[in-house]
Every structure is written in structure tokens, then in C-alpha cells.
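Have the model open as you read.

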Amino acid sequence: MILSDTIAAISTAPGTGAIAIVRLSGPQAWTIAKDIFVVGNTENAPALKSHHAHHGYLKSDCKGLQTLVDEVVLIPYKRPHSFTGEDLIEINCHGGPVITNEVLNLCLTRGARLAAPGEFTQRAFLNGRLDLTQAEAVLDVIQAKTGLQSRFAISALKGELGHKIEHVRTTLVELLSRIVAGIDFPEEVGDMPLNDLQEILTGCMSELQNLTKTARSGRYLRDGIKVAIAGKPNAGKSSLLNRLLQFDRAIVTDIAGTTRDSLEEQLDVNGIPIILIDTAGIRATHDQVEIFGIERTKQSIDKADLVLLVTDVTSGWTGDDALVGDLVEARPHIILANKVDLARQFEFNGKGYETSVACLAKIAISAKTGDGIDTLTQTIERWYLTTLLPGTAVPH
């Protein structure tokens with residue numbers, strides 16, 4: 001499918017940079033390029049060669065006077081061997097916003113239309129250059145916030161997911177052709193052997209079921225997992241948030257109940273995208289503002305994929321710890337015994353540290369000194385890869 005009009009857009013991010021790229025795609029792309037591009041002092045349009053870089057200048061005619069807009073490197077691509085499958089021009093100009101907009105306007109005044117958001121990728125899909133999984137992966141690559149997200153998105157962009165789907169489709173189409181031929185042309189083709197019918201269908205069903213299981217993994221990769229930090233007041237939740245983020249995001253004081261509302265920050269744990277939620281401490285209280293904060297904490301726990309239950313070893317397991325323990329008991333959680341730097345000796349054998357089935361681990365940490373933090377991040381990573389990405393090959 002070849003669309004009839006020519007589109008243009010700035011392909012690089014807005015702002016100031018050394019280089020910016022303006023793209024043209026469509027049947028008039030090369031004509032427009034030849035109209036505005038010159039080499040050296042010549043006024044004649046150069047002979048453009050596909051997939052070759054051409055150095056020169058962009059010219060603009062204003063009231064019969066020719067002026068140079070910018071020094072550029074122009075790279076033409078002849079269809080169908082381009083990103084969109086159409087004739088395509090990439091103009092590498094200087095990255096100032098004034099110059100970039102002038103280059104774009106120059107293309108628009110020569111007959112191009114301003115591209116809609118995502119239209120270059122849409123044309124690549126419509127022209128068969130990308131399948132739907134690859135088209136979606138383009139945005140995932142651009143928006144990736146961690147290395148792991150980027151590697152999975154590149155894997156999809158290469159077509160690995162699409163190839164698996166296409167393999168199943170091809171197998172089913174071939175099977176359908178055999179069945180239809182046997183029904184419509186029995187005299188010509190004879191009886192079609194169908195002894196492998198069940199085996200083929202079972203195999204296709206198994207492959208498709210395995211692919212549907214990756215949908216949940218894809219959501220976690222794209223959106224990140226929500227990890228709530230919960231515990232009684234002054235257990236060190238905000239200190240743990242700051243330690244994991246490696247900067248002071250939350251206010252930390254010795255006054256219990258300092259955190260009254262939930263804080264959310266994004267965290268990269270060995271490539272794993274995490275939305276870290278620092279919550280208000282849970283305790284029995286009559287303070288109305290604190291009660292609102294505790295209700296939000298409960299909501300955060302309910303929505304979290306994983307909960308870090310922070311306790312204070314200096315005060316031991318208290319009734320407030322038990323309140324938090326009851327809330328997280330059925331959810332995947334890790335018990336963290338914080339402030340071990342202030343305790344002479346600590347072991348997880350006291351009252352209240354009994355674990356439920358949903359408890360992944362019990363780790364002694366110090367949010368102040370960083371002791372045990374590496375063990376915590378490794379535990380999160382192991383749980384993420386084995387539980388949320390089961391059977392998923394992690395690209396390297």
C-alpha cells in the first residue's frame with residue numbers, strides 16, 4: 001500500500017542539540033529534496049544516490065532571492081528499501097530549534113504535509129515493512145527506562161515475537177488448505193491424510209498459550225512493578241526509599257508519623273523497572289490527617305505487586321508491626337529488619353517474625369549504612385525473573 005501524499009516531520013527530540021533530523025516520506029520526497037538541496041556553489045540539483053550521504057546546503061527562494069538555510073547531510077532512500085517502504089529523505093541539519101523549524105517549513109512549502117504522530121511507523125506497517133508487534137515495539141524502544149526494557153523491546157522490534165505468531169499462522173493455513181482441497185477436489189487430490197491433525201492443532205494451541213502467558217510479563221516490563229514500602233511509624237521506610245534511590249527524596253526525622261502521604265519514584269534494579277512507593281506508617285491513632293494517610297497506605301498495599309515490610313529491631317516486634325503484618329500476609333512480601341547497625345545482635349527467631357507462604361525472604365538491613373541492601377535488590381531481581389517472567393528468555 002503506497003499512500004498518495006508526502007509527509008514531513010522533525011524526527012529528533014525538541015530542544016537544542018548538535019544535530020537534528022528532518023524526514024520526508026512519500027512519492028514527492030525526492031522531488032522536494034532536489035528542489036531545495038544544492039552542492040557547493042552550483043545551482044543545479046545533484047544526482048541523488050539511494051543509501052548514500054550527500055553533503056551540501058539547503059536553499060530557500062524568497063522574492064526571487066536565493067538564500068542558504070543550513071549546511072546539511074542529506075541521505076535519500078529509494079522505495080521499497082526504506083523504513084516506511086516509500087521514497088524517503090533524511091536531512092541531518094544543525095540542531096537549533098530555529099534552524100530545524102526552518103528546514104521543516106521549507107519542506108512543507110514545497111508540498112509536503114506535516115506528519116501526524118506515529119505516521120512514519122504507521123506507513124511502515126501499512127507498506128509491510130513492519131508487522132504489528134514491531135510497530136508497537138518502536139514506541140517501547142523509545143520509552144524504555146531500563147536496560148532490560150530496552151533489550152526486550154529491541155527483541156520484539158527484530159520481529160522475534162512476530163515470527164513466532166507467523167509460524168503458527170502458516171502452519172494453520174497449510175492445514176486448512178489440505179482440508180479444503182480434500183473437500184472441494186476429492187477426485188483430483190484423493191483422500192487427504194489427516195492422521196496428524198490432532199497433533200498439529202495441539203502444537204499450535206500450546207504455542208499460542210505460551211505466547212499469551214508473556215502478555216502479563218510484557219505489562220510488567222512496559223509499566224514496571226509496584227513495590228510498596230510499609231511498616232509502623234519511624235521504622236525507617238523513608239530512609240530505605242532514599243537508600244534505594246541513592247538521593248534524599250523523602251524527609252527523614254526521628255518524629256514518628258513524618259510521612260503522611262504516599263511518595264512514588266521510579267527505580268532501576270539491574271534493569272528491572274520498579275515504581276517504589278513510600279507509604280505512611282501504620283499504627284492506631286486518632287489524628288485525622290494520619291488516618292487518611294494510613295488509608296492510602298492500605299490502598300497502596302492492595303495495588304502493589306510486592307511489599308517491603310520494614311520493622312525496627314531496636315523496638316522489637318510490636319502491635320503496630322502485627323497490624324502491618326496482617327495487611328501484607330496474603331501478598332508477596334519481604335520482611336526487612338531495619339536498624340541492625342544499632343543492635344548488638346539480631347536473629348529472626350523472635351515473636352512475630354514467623355513467615356507466611358507469601359513471604360519471599362527475611363533480610364536484616366540498615367537503611368542508614370546500606371548493610372543488606374544488595375541482598376534485598378538481588379532477592380527482588382530473582383523473584384521478578386522467576387515469578388513474573390517465567391519461561392521468558394532474557395535477551396542479552
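## Cysteines

In this predicted model, the cysteine sulfur closest to that of Cys93 belongs to Cys107, 9.3 Å away. A disulfide needs the two sulfur atoms within 2.5 Å, so the pair is too far apart for a bond. Searching the whole structure turns up zero disulfides.

Are Cys93 and Cys359 buried or exposed? Cys93 is buried, at 1% relative accessibility, and Cys359 is buried too, with a relative accessible area of 13%.

## Nonpolar cores

The largest nonpolar core holds 31 residues. Those with the most contacts inside it are Leu240, Ile274, Leu308, Ile334, Leu336 and Leu376. Helix α12 (residues 373-388) gives this core its largest share, five residues.

Beyond its neighbours within four places in sequence, Leu376 is in contact with Leu240, Leu244, Leu308, Ile334, Leu336 and Ile363. Another core, of 23 residues, lies apart from the largest one; among its members are Ala20, Ile32, Leu58 and Leu74. In soluble globular proteins, nonpolar side chains tend to be buried together.

## Helices α4 and α5

How do helix α4 (residues 132-143) and helix α5 (residues 147-157) pack? Their axes are 8 Å apart, at an angle of about 155°. Angles over 145 degrees count as roughly antiparallel, and therefore α4 is roughly antiparallel to α5. Their crossing is left-handed.

On the α4 side, Gln134, Ala137, Val138, Asp140 and Val141 take part, meeting Ala153, Ile154, Ala156 and Leu157 of α5.

Note on methods. Residues numbered from 1 in each chain as written. Predicted model: local features only at pLDDT ≥ 70, side-chain atom pairs only at ≥ 80, totals over all residues. Heavy atoms only, no water. Buried < 20%, exposed > 50% of the residue type's maximum accessible area, 1.4 Å probe, protein only. Core = buried A, V, L, I, M, F, W, Y, C linked by side-chain atoms within 4.5 Å. Helix = DSSP H or I, 4+ residues; strand = E, 2+ residues; numbered from the N terminus. Contact = heavy atoms within 4.5 Å. Axes fitted to C-alpha atoms, helices over the stretch in contact; angles between N-to-C directions. Parallel < 35°, antiparallel > 145°, perpendicular 65-115°, else oblique. Left-handed = near helix turned anticlockwise from the far one by under 90°.
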